Amino acid sequence: MSDLTLGRRAPAGAVPPSTTLRRPRLPRWAPAALAGLSAAVACGIGLGAGLSSRFQWGLIAAALFVALTYGLTARVEGLRQAKDRLATSLVWTCFLVAVVPLVSLVQETIARGVKVLDGGFLSHSMAGVLTIQPGGGVYHAIIGTLEQVGLATAIAAPVGLLTAVYLVEYGRGRLAKAVTFFVDVMTGVPSIVAGLFVLSFWIIMLDFGYSGFAGAMALAILMMPVVVRSTEEMLKLVPNELREASLALGVPKWRTILKVVLPTAIGGIATGVMLAVARVAGETAPIVLLVFGSQVINNNPFDGAQSSLPYYIYEQWAAGNDASYDRAWAAALVLIAFVMILNLVARGIARWKAPKGGRG
Amino acid sequence: MDEMDIPTSAASPGGPRAKAAARPGDRIFLGLSRGSGILLLVIMAAIAVFLTVRAAHALAQDHGNFLTTFEWNANTDPPVFGIAVLAFGTVVSSLLAMLLAVPVALGIALFISHYAPRKLAAPLSYVIDLLAAVPSIVYGLWGALFLVPHLGGLYAWLDEYLGWTGILAYHNGAPRSLFTIGILLAIMILPIVTSVSREVFRQVPKMHEEAALALGATRWEVVRMAVLPFGRSGVISASMLGLGRALGETMAVATVLSPSFLISTSLLDPGGGTFAQNIASSFKESGDTGKDALIASGLVLFVLTLLVNGAARMIIARRKEYTA
């Protein structure tokens with residue numbers, strides 16, 4: 001690299017060092033200006049050539065921005081700096097490329113969702129409403145989601161919690177290693193496979209009908225590894241001194257775990273469980289296979305088909321007309337709001353009840 | 001202690017564990033918690049066993065070749081079905097998603113860990129975590145009703161300049177194709193790949209970076225020489241976790257793709273299918289044999305994701321040992 005700034009040492013005194021040690025640099029506002037320029041040029045090209053898709057405009061702008069930055073810096077600041085700027089502009093472009101679809105997703109859902117979202121939508125079912133008619137609502141789906149997710153949590157949370165306790169407080173041998181490994185693997189089980197498992201076991205082999213409970217079992221399978229993993233992390237954060245102090249006072253190990261370890265970590269554990277709930281609340285695939293969907297209110301999760309919010313969205317999308325699309329977007333908004341509130345509350349608890357680390 | 005910690009066996013003398021373990025309450029509690037661990041293993045084993053049993057049923061009745069037949073008529077008599085198209089669609093769309101998502105995710109991860117102004121970095125990583133929680137059906141709805149209508153122009157453009165490759169040829173029709181699925185899956189796996197890589201980049205020893213800076217390296221040179229080599233295995237496993245997600249994604253694919261049992265050379269033309277999508281879309285019209293056939297294809301998907309995720313976890317575990 002011949003243009004290393006320190007490499008070209010001018011004879012002292014001949015020229016002021018500031019001019020020899022420094023290469024010219026682009027002003028600080030240059031990247032912003034280039035970004036604006038390339039966006040403007042891309043819009044010009046897009047309009048001029050009549051490119052219909054905004055994606056093309058964006059791609060042209062991004063390519064222009066990266067190329068312009070590289071070219072200009074290479075001329076003014078030299079090749080090494082140009083590479084540095086190239087990387088910087090690529091990283092910024094990546095960030096924008098990623099943000100655009102995500103913002104669009106949220107914006108579309110809100111804009112199209114608020115159209116039919118009102119009190120009536122939340123408090124009515126689809127009973128007696130044809131899919132092409134406007135009206136109807138999500139009440140039956142909300143009931144279904146709450147019951148299925150509640151049952152799944154009732155199954156998965158204790159099992160997950162106890163497994164995590166086993167791994168952190170007791171587990172040392174091969175069994176613990178196997179459990180750790182398979183919990184990781186279980187995290188990756190696709191939701192549709194969990195659904196197929198419950199289908200083959202509960203519905204085909206044991207010959208039970210479609211019900212909310214069958215769906216809840218599949219959701220529980222998806223929740224367990226998430227609960228185990230997060231609880232494990234939290235239990236590991238509990239300072240060992242607390243356990244030792246309790247054991248030294250003669251408290252049995254199980255009471256130490258129940259009265260000292262778990263209460264210390266309870267905030268984090270609650271967070272983990274709520275994040276797991278948020279994850280499975282949006283699962284559709286097992287519901288399609290196991291709960292079957294319904295237009296009417298069914299309060300009993302152990303008998304007969306139910307609906308659920310994600311399933312409702314799928315069903316309304318499949319109906320394929322304007323009224324049902326409106327309902328699908330509104331239900332999507334309800335679902336996102338539900339999941340996001342769970343997430344925010346969970347993170348709030350985590351911050352509020354974070355275990356204070358020991359001082360040693 | 002290499003042995004399993006059995007409460008009745010005397011542990012190291014004087015250890016609190018040995019004394020406490022003798023109480024009945026302890027035994028019950030240990031039994032419960034170990035039982036839960038075992039229950040998890042049993043569930044995993046049961047998933048494999050039950051799927052295999054039903055799949056064997058299906059295979060016995062299949063009048064086509066399960067691996068190479070290009071049809072899915074599992075409810076006719078005789079049933080003829082094969083997973084060739086599904087396997088192709090699943091692998092191609094997921095790999096495409098990975099190819100599109102990983103560079104962008106790397107960019108965002110670097111942006112958060114090394115480039116962004118600090119005020120932007122913290123809320124941004126928070127937002128990325130929240131986005132991982134958006135349900136897949138909402139992505140599917142957005143993909144079908146927003147993304148698909150906007151991609152036609154782009155595809156016509158790609159066809160004009162790259163159509164000669166055959167892979168990117170586009171004939172008219174709604175772009176409900178494998179390529180669209182790839183884009184949508186890429187958006188969906190972006191958060192997970194980003195957050196795993198970000199964590200790895202954050203662990204890069206500050207000393208390495210400062211040493212590079214002290215030698216006069218530019219920021220990019222620091223990233224290339226200190227950050228990327230350190231984070232390589234983490235990034236590989238992050239992308240494989242993303243791949244595993246993409247392989248098993250159901251609803252987003254089921255809403256966007258217009259399925260057909262043909263393998264088209266062009267990725268932009270509608271058609272094709274994936275394992276998960278086929279299960280969700282054709283489940284309701286399936287009789288007993290049809291369900292068994294779907295379970296058989298689900299077993300293939302299960303094994304596929306197991307392999308990918310297992311490999312990713314192995315890489316992470318190896319790295320942990322190495323850095324610890």
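Okay, let's start where the two chains meet: 78 residues of chain A and 77 residues of chain B take part in the contact. Before I go on, keep in mind that this is a predicted model.

So which element gives chain B's side of that contact its largest share? It's helix 2 of chain B, residues 24–61, and it brings 19 residues to the side that touches chain A. If you sort chain B's side by class, you get 49 nonpolar residues, 18 polar ones and 10 charged ones.

How many helices and how many strands does chain A have? There are 14 helices and 0 strands. If you walk along chain A from the N terminus, the elements read α-α-α-α-α-α-α-α-α-α-α-α-α-α.

Now the overall dimensions. Along the principal axes, the C-alpha atoms of chain A fill a box of roughly 90 × 70 × 35 Å. The radius of gyration of chain A is 29 Å, while a compact globule of 360 residues would come out near 21 Å. As for burial, 47% of the 360 residues in chain A are buried. And if you look at contacts in chain A with a separation of 6 or more, 72% of them are between residues 24 or more positions apart.

Next, what does the UniProt record say about chain A? The entry is unreviewed, and for "transmembrane region" it lists several stretches of chain A, including 29–49, 86–106 and 260–281. Let's look at two of those in the model. Residues 86–106 of chain A are 100% helix and 0% strand, with 31 Å between the end C-alpha atoms. Residues 260–281 of chain A also come out as 100% helix and 0% strand, and there the end C-alpha atoms are 32 Å apart.

The unreviewed UniProt entry also gives "domain: ABC transmembrane type-1" for residues 142–346 of chain A. In the model, that stretch of chain A is 80% helix and 0% strand, and its end C-alpha atoms lie 20 Å apart.

On to the nonpolar core. Which residues touch the most other members of the largest one? They are A:Met223, A:Ile313 and A:Ala331, in a core of 193 residues. There's also a second, separate core of 7 residues, with A:Leu34, A:Ala35, A:Ala61 and A:Ala62 among them.

Let's zoom in on A:Ala331. If we skip its neighbours within four places in sequence, A:Ala331 is in contact with A:Val138, A:Ala141, A:Leu309, A:Tyr312, A:Ile313 and A:Gln316.

Okay, over to chain B. It has 11 helices and 2 strands, and from the N terminus the order is α-α-β-β-α-α-α-α-α-α-α-α-α. Why do we call chain B more spread out than a compact globule? Because its radius of gyration is 25 Å, well over the 20 Å that the globule rule gives for 324 residues. The C-alpha trace of chain B spans about 75 × 60 × 30 Å along its principal axes.

Of the 324 residues in chain B, 49% are buried. Take the contacts in chain B between residues at least 6 apart in sequence, and 72% of those join residues at least 24 apart.

The domain assignment for chain B gives domain 1 as 1–61 and domain 2 as 83–323. Their C-alpha centres lie 35 Å apart. Where these two domains of chain B touch, each one puts in 8 residues. On the domain 1 side, that's 4 nonpolar, 3 polar and 1 charged.

Helix 10, residues 275–282, is mostly covered, with 6 of its 8 residues buried. Those buried residues are B:Phe275, B:Ala276, B:Gln277, B:Asn278, B:Ile279 and B:Ala280.

Then there's B:Trp157, which sits in helix 5 of chain B, residues 136–162. Why does B:Trp157 count as partly exposed? Because it has 19 C-beta neighbours inside 10 Å, and being buried takes 20 or more. Finally, B:Trp157 and B:Ala169 are 12 residues apart along the chain, and their C-alpha atoms are separated by 10.0 Å.

How values were computed. Residues are numbered from 1 along each chain as its sequence is written. Chains are lettered from A and ligands numbered from 1 in the order in which they are written. This is a predicted model: local features need pLDDT of at least 70, side-chain atom pairs count only at pLDDT 80 or more; totals for chains, interfaces and linings use all residues. A nonpolar core is a set of buried Ala, Val, Leu, Ile, Met, Phe, Trp, Tyr and Cys residues joined through C-beta atoms within 7 Å. A residue is buried if 20 or more other C-beta atoms lie within 10 Å of its own, exposed if 12 or fewer, and partly exposed in between; C-beta atoms are placed from the backbone. Two residues are in contact if their C-beta atoms, placed from the backbone, lie within 7 Å. Helices (H or I, at least four residues) and strands (E, at least two) are DSSP runs, numbered from the N terminus. Ala, Val, Leu, Ile, Met, Phe, Trp, Tyr, Cys and Pro count as nonpolar, Asp, Glu, Lys and Arg as charged, and the others, Gly among them, as polar. Domain bounds come from an automatic or database domain assignment. UniProt positions are given in the numbering used here, feature names are shortened, and annotations may be inferred rather than shown by experiment. The radius of gyration is taken over C-alpha atoms; the globule rule is 2.2 Å times the number of residues to the power 0.38.
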